[in-house]
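Good morning, and thank you for the time.

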Amino acid sequence: MLNKLEIVDGMKFDRDHISPFFMTNQKNLKCEVNNPLILIPEKKISNLNVVVRVHELALKRQRCVVIVAEEVESDALATLILNKLLARIKASEKIPNGAE
């Protein structure tokens, strides 16, 4: 049996982003943020109001948002992408289970 230990600075997820629009480092294909607001919902995000409220709070506090969710439905995802493209938020992310 072989044991392996990997030490990371911050958090590392074993799955990809929901959309390439959320990558902040295009060269390394990563989403790197400092001091983000983190939303971890109990279930999938299907309500646009949740996304809007989180973005309003992020704008008010001038911080980026990281969303860790199993699923984001199409309308909510479209709102996230639009806000990212319009530079209203720095980063937003849907990362499925597998956090280390």
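Leaving out residues up to four places away in sequence, Thr79 touches Leu48 and Val51, where contact means heavy atoms within 4.5 Å. Thr79 itself is found in helix H2. Its side chain also reaches the backbone oxygen of Asp75 at 3.1 Å.

A word on the source. This is a predicted model, in which local features need pLDDT of at least 70 and side-chain atom pairs count only at pLDDT 80 or more, while totals for chains, interfaces and linings use all residues. Residues are numbered from 1 along each chain as its sequence is written, and side-chain values use heavy atoms, with hydrogens and water left out.

Now the overall layout. The protein has two helices and two strands, following the pattern β-α-β-α along the sequence. Here helices (H or I, at least four residues) and strands (E, at least two) are DSSP runs, numbered from the N terminus. Of the 100 residues in the protein, 33% are buried; buried means under 20% relative accessible area, exposed over 50%, and partly exposed in between, with a 1.4 Å probe and protein chains only.

Let us turn to helix H1. Asn47 caps its N-terminal end, with a side-chain oxygen 2.8 Å from the backbone nitrogen of Asn49. Just after H1, Gln62 takes a positive phi of about 55°.

Which residues of H1 are buried? They are Val51, Val54, His55 and Ala58. Seen down the axis of H1, the buried residues fall within an arc of 95°, so they line one face of the helix; the arc is that of the directions from the helix axis to the C-beta atoms. On the face turned away from this buried side are the exposed residues Arg53, Glu56 and Lys60. The cover over the buried residues of H1 includes strand E1 (37–39), E2 and H2.

Finally, the core. A nonpolar core is a set of buried Ala, Val, Leu, Ile, Met, Phe, Trp, Tyr and Cys residues joined through side-chain atoms within 4.5 Å. The largest one has 14 residues, of which Ile45, Ile67, Val72 and Leu80 touch the most other members. At least two residues of this core come from each of helix H1 (48–61), strand E2 (65–67) and helix H2 (74–85), and H2 gives the largest share, four residues. Setting aside neighbours within four places in sequence, Ile45 is in contact with residues including Leu39, Val51, Ile67, Val72 and Ala76.

Technical notes. A polar contact is a pair of N or O atoms within 3.5 Å; within protein, one must be able to donate a hydrogen and the other to accept it, and residues adjacent in sequence count only if both atoms are side-chain atoms.
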